[in-house]
Amino acid sequence: MASRFRIIKTHQIFNFLIPTVKQKCTVYLPQRLINSAYSAPPKREFSRKLIFGATAGAMGIGLGLYSYLSPPESKYLAGIPLAEKADFTRNDNIMDIKPSREVSGPASALGLDLTLYQYQTCPFCCKVRAFLEFYGIPYKVIEVNPVMRQQLKFSKYKKVPILIVQEKESPKSEFLWISAKISTLGTKIKQQQLNDSTVIISILGSLFLDLPSGLDSVLKYYVPMTYKNEDGKEVEEVMNKYFLMFGDNYEKNTETYLKKERQWRKWADNEFVHLISPNIYRTYDEALQAFNYFSEVGEWEKNFSMFERLIVIYVGATAMYFVGKRLKKKYSLKEDVRQSLYDGCKLWMKEIGSKRKFMGGEMPNLADLAMYGILSSFEGCVAFQDLINNTNIGPWYYNVKEAVTNHYGYQKLKI
Ligand SMILES: N[C@@H](CCC(=O)N[C@@H](CS)C(=O)NCC(=O)O)C(=O)O
């Protein structure tokens, strides 16, 4: 416990993390268009909004295509004792929505009921899914309707992924079960809302290192803070989101390893992710191919009428072709954007070197899972195939995929 407190009080962390706060979703439009929402809005209204949204995109209206939405109003001021803010993730307004699907996994005895609000091909959502699947954690998925976003009504934070965590009752006897029921009668079951892929992964990752301490004790160490970013915009951020809390399991000799893991998680989120859009929308044909792939994995045929789907695919591909060009300039990518993508992957593989199977050694670590998750978001696109053909990242990628789909991390959980 002592070591946790020490880590969060380290003020350099604050300075170190500030430059990373301005992440943008570089594949915004397709995610907004992937729809397998549970409760479809009335058809006409839905079509009108959808077409409006897509047309607005095609006209290149504003940075709204991939910009952040207004930050939540609540503030967490420095100087307030942590204990007073222990319940800052609690949300009693979560609506009871039927999940789009349920993912099973061997770690069902963890005692956590998890619901992921997501877009299927959002790289940040893919990261969280890779993490949960690696550890074999069962979870429910609520596919957010990217146009109406009615599933996020309960939340001030309007981006995905959001993870809702509820601790399951695990009474040892029937008597305890009955008394637990009586004591919770009339009170809402506590649901915790975790925002941001990295925050979600670090909180659950810390919990997995020290399961007996429980979720509440971990949550206290991930306090969001509100501040103004370089553009003068007020944003909310968990400043230590790349840091894990170890409780009594902290080992000083792993410091260099942990520093590297954090460094590469950050790199994947803040550098690598920006290479995706300019590459998957590099030419108009590739943009169209990408949209057809998103349509397939997002099951648009099931969720959109043919007219809506075609509008979304063609207008979306056109809009994102131009957005890709803008992002190429913004992030100073090479003239042939593929070269920047290859460079990113080569840098990653160079860091792993020839002696390790993964960045984490014999097993993927959080940096491996982050990079894999991000790459998996465009696995069906031409850019991904080019990447596999022109770099040496393939074997690493498919090794992580094997570890994720077979829940290799489950062995590490001491349930
Ligand atoms: N830093 C956040 C970024 C999340 C993010 O930007 N998500 C995008 C989708 S890829 C989003 O929800 N944008 C707002 C919207 O679609 O309305 C994270 O890691 O979770």
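Helix α13 covers residues 306–330. Helices here are DSSP runs of H or I with at least four residues, strands are runs of E with at least two, and both are numbered from the N terminus. At 1.5 Å a residue, the 25 residues of α13 should span 36 Å, and the end C-alpha atoms are 35 Å apart, which agrees. The expected span is 1.5 Å times one less than the number of residues. Just after α13, Ser-332 adopts a positive phi of about 50°.

The model is predicted: local features need pLDDT of at least 70, side-chain atom pairs count only at pLDDT 80 or more, and totals for chains, interfaces and linings use all residues. Residues are numbered from 1 along each chain as its sequence is written.

Two helix pairs were examined. Two packed helices are described by the angle between their axes and the distance between the axes. Axes are lines fitted to C-alpha atoms, for helices over the stretch in contact, and angles run from 0 to 180 degrees between N-to-C directions. Helix α5 (residues 123–134) packs on helix α7 (residues 197–209) at about 15°, with the axes 9 Å apart. The two are therefore roughly parallel (under 35 degrees; over 145 is roughly antiparallel, 65 to 115 roughly perpendicular, the rest oblique). The crossing is left-handed, meaning that the near helix is turned anticlockwise from the far one by less than a right angle; clockwise is right-handed. Phe-124, Lys-127, Val-128 and Phe-131 of α5 contact Ser-197, Ile-200 and Ile-201 of α7 (C-beta atoms, placed from the backbone, within 7 Å). By class, this contact has five nonpolar, one polar and one charged residues. Ala, Val, Leu, Ile, Met, Phe, Trp, Tyr, Cys and Pro count as nonpolar, Asp, Glu, Lys and Arg as charged, and the others, Gly among them, as polar.

Helix α14 (residues 337–352) and helix α16 (residues 382–390) cross at roughly 55°, their axes coming within 10 Å. They are therefore oblique to each other. This crossing is right-handed. Arg-338, Leu-341, Tyr-342 and Cys-345 of α14 meet Ala-383, Asp-386, Leu-387 and Asn-390 of α16. The contact has five nonpolar, one polar and two charged residues.

Five strands form an open sheet in the order β1-β3-β2-β4-β5, with mixed pairing. Strands pair if DSSP finds at least two bridges between them. The edge strands, β1 (101–103) and β5 (191–195), each pair on one side only. Twist averages 25° from one strand to the next. Strands β2 (residues 112–118) and β3 (residues 139–143) pair in the parallel sense over four bridges. Tyr-117 has Ile-142 of β3 as its bridge partner.

Technical notes: Contact = placed C-beta atoms within 7 Å.
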